[in-house]
Amino acid sequence: MRDYDVIVIGGGHAGIEAAAASARMELTTALISGDLAKIGEMSCNPAIGGVGKGQLVREIDALGGVMGYITDNTGIHFRALNKSKGPAVWSSRAQADRKLYREFSQHLLLRIPNLSLVSGMVREIIALNGRFDHVILMDGRTITSSACVLASGTFLNGLIHIGEKQTPAGRVGEPPSLYLSESLQKLGFQAGRLKTGTPPRLDGSTIDFDRLEKQPGDDDFRPFSLLTNNSLTNRAFCYLTYTSKLTQEVVERNLHRSAMFSGNIKGIGPRYCPSIEDKIHRFRDKERHQLFLEPEGLDTNEIYINGLSTSLPEDVQLDILHSIAGLEHVVMNRPGYAIEYDFFPAFQIKPSLETRPVEHLYFAGQINGTSGYEEAGAQGLMAGINAALKLKGDEPFYLDRSQAYIGVMIDDLVTKVPTEPYRMFTSRAEYRLALREDNVADRLIKYGKQFGLINDNIYDTYMAKRQMINAEKHRLGRTMVLISQIDSSATNGDKCSLALLLKRPAIRYCDLAGVDEVCREFPADCGEHVEIEVKYEGYLDKQQREIDRFQQLESKIIPDDFDVRKVNGLKTEAVGVLHQFRPVNLGQASRLAGVTFADITVLMIHLKRHTNGSVSRETP
């Protein structure tokens, strides 16, 4: 008899979501972490969300995940980003109290039935006949289960760099995971090396905040989670400052002492979150770089300086800090550092996040080459759901690029060769007008309910809200008013519907309250939803037609037993790429580098023959 149904390795954001999902889907689950007190630790900045990332958090929540709920309950500063732009790129972001986030995460997990927290470091993953069987811990203990989710973060052979100094660690103060990466490679996995970094932590009592630009939060911020009924309160400020000419001089004078520039770091770093030395080296003509000072919590003076990631020596870091306005006399509590770690390129996983070399083993988070809490959490949730579905004998759960940012991310991972740590942006989603923050539940809540992760009360409450929005859109279309009541330049006596008025760029839903009593009483958040759907109706219809064409290729499944090496007419390059990545449908195949439209046409013809039994069903 197995000890558990599912083992989850790692107590970061991916591990939390995976363990919570599988346990709530009624499978006995063990979350194994090297230090149980560190479960839920925010390893880098104390923030959740951001451009593209806020959409991921809301999608996690609509599917029944926990990240948004934890953030709502531990957040101290909330902001909606990009509100001056169109709704396709609106994104939410929250500063969290680092200590409260960790504690709330642990308390939440402890209350979930079927979930056990196990202290220990995994040394080896054992597979028998190509299927996961058990794990062996560093102290020799063996734990068996029917499935496993590996969410190791930066711990696989982690190595911290501060100038010339190198320290084996998973993150500062915690030992790395040794031998586990090697055990995976023995099972046939290909490994790579990535790098990320974090900035110094500052003593806020030594900062001259009067010289900095204060950034208050938004009082009308909409909670991340459908479970959050109360309004959220801003209890802290963020601050803005900039590097100086002196900063640039300090960095350039000490570039040779940076671990990244000295050649000590072999891993690939994130292009969109570069170190300060990389930014100054690459953008020499830029006079200054923006920095955000973010509070670590309510009961601490510690400040996180976003934008100043570095691997320079401690003395140089201090000189850099003292060259920045407001930080001339700052005390550095902890230096920034770069960290290298092993990852496993994601052509080795299926879109369900189950690995190809080992059945019933799932990868989630930075092990797949991503960077960020939100990306990790989304993968953890999908891995936990799919591990549970697999053990129940159900079909795997996929989201495609037209359904969710989660679908965009996973599709990008399984169809592209990684060149850097992957980070989500709104620009990665070609259907982003249809994948807005405000309609996340419309898209995904049905799946959360289907898996038992969204309760009936939450589901029914949202569906009632959706019905109210639809009814209001219909009412606006048939309610006629004098245009002159809202537009003084209009010809007296001309009428139009409220919906047509709302389509005007300068008219907001709240403006209709001046001429319509129902609009005055309608809930503000529902009114915003109505406004978006009415105002952008034509664009949404056009995007839906694009989605319909996209789904024509996505619906053409490539069976597991379809051997592309036996297909005549494909280019040699296409055969190699298709065999390596093994796309699950023609849409995915079309997005692989080296696969042309002609190759897709050939595949389509042979898939029809395969369906009729004309092609060998030998597994590739």
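1. How many residues lie between β10 and β11 in the hairpin that they form? There are two residues between these strands, and Gly163 in the turn has a positive phi of about 65°.

2. The model is a predicted one, in which local features need pLDDT of at least 70 and side-chain atom pairs count only at pLDDT 80 or more, while totals for chains, interfaces and linings use all residues. Residues are numbered from 1 along each chain as its sequence is written, and side-chain values use heavy atoms, with hydrogens and water left out.

3. Strands count as paired if DSSP finds at least two bridges between them. On one side, β10 pairs with β11 (residues 165–168) in the antiparallel sense over four bridges, with Pro168 in β11 as the bridge partner of Leu159. β10 also pairs in the antiparallel sense with β19 (residues 337–343), over three bridges, and here His161 stands opposite Ala338. Seven bridges join β12 to β19, again in antiparallel fashion, and Arg193 has Asp342 in β19 as its bridge partner.

4. Within β10 (residues 159–162), Leu159 and His161 point one way and Ile160 and Ile162 the other, yet all are buried. Burial is judged by relative accessible area with a 1.4 Å probe and protein chains only: under 20% is buried, over 50% is exposed, and values in between are partly exposed.

5. A further open sheet has six strands in the order β14-β15-β16-β17-β13-β18, with antiparallel pairing. Its edges are β14 and β18 (332–334), each with a single partner strand, so one side of each lacks a neighbour in the sheet. On average, neighbouring strands are turned by 35° against each other, direction ignored. Three bridges join β14 to β15 (residues 238–242), and Glu213 stands opposite Leu240 in β15. Helix α9 (residues 314–322) lies across β13, β17 (302–306) and β18, and runs at about 140° to β18.

6. The loop between β13 (201–203) and β14 (213–215) holds Asp210, which is exposed, with a relative accessible area of 76%.

7. Lys449 sits in helix α12 and is partly exposed, with a relative accessible area of 33%. Not counting residues up to four places away in sequence, Lys449 touches Ile454, Asp456 and Tyr459, contact being heavy atoms within 4.5 Å. The C-alpha atoms of Lys449 and Ala62 are separated by 9.1 Å, although 387 residues apart along the chain.

8. For the spaces, a 1 Å grid over the protein atoms alone was used: a cavity is a set of points where a 1.4 Å probe fits but cannot get out, a pocket is an open set with protein on both sides within 12 Å along at least five of seven lines, and lining residues have an atom within 4 Å of a point. Grid points are joined across faces, edges and corners, and a volume is the space filled by probe spheres set on the points.

9. The second largest pocket holds about 1,200 Å³ of space. It is lined by 41 residues, of which Arg222, Pro223, Lys465, Asp525 and Glu528 are the closest to its centre. α16 gives the most to this lining, with six residues.

10. Two cavities of 30 Å³ or more are found in a search of the whole structure. The largest, of about 40 Å³, is lined by His13, Ile16, Glu17, Val66, Met67, Ile70, Tyr101 and Gly377, and α1 gives the most to this lining, with three residues. The second largest cavity, of about 30 Å³, is lined by Pro200, Ile276, Leu308, Thr310, Gln317 and Ile320.

How values were computed
Axes are lines fitted to C-alpha atoms, for helices over the stretch in contact, and angles run from 0 to 180 degrees between N-to-C directions.
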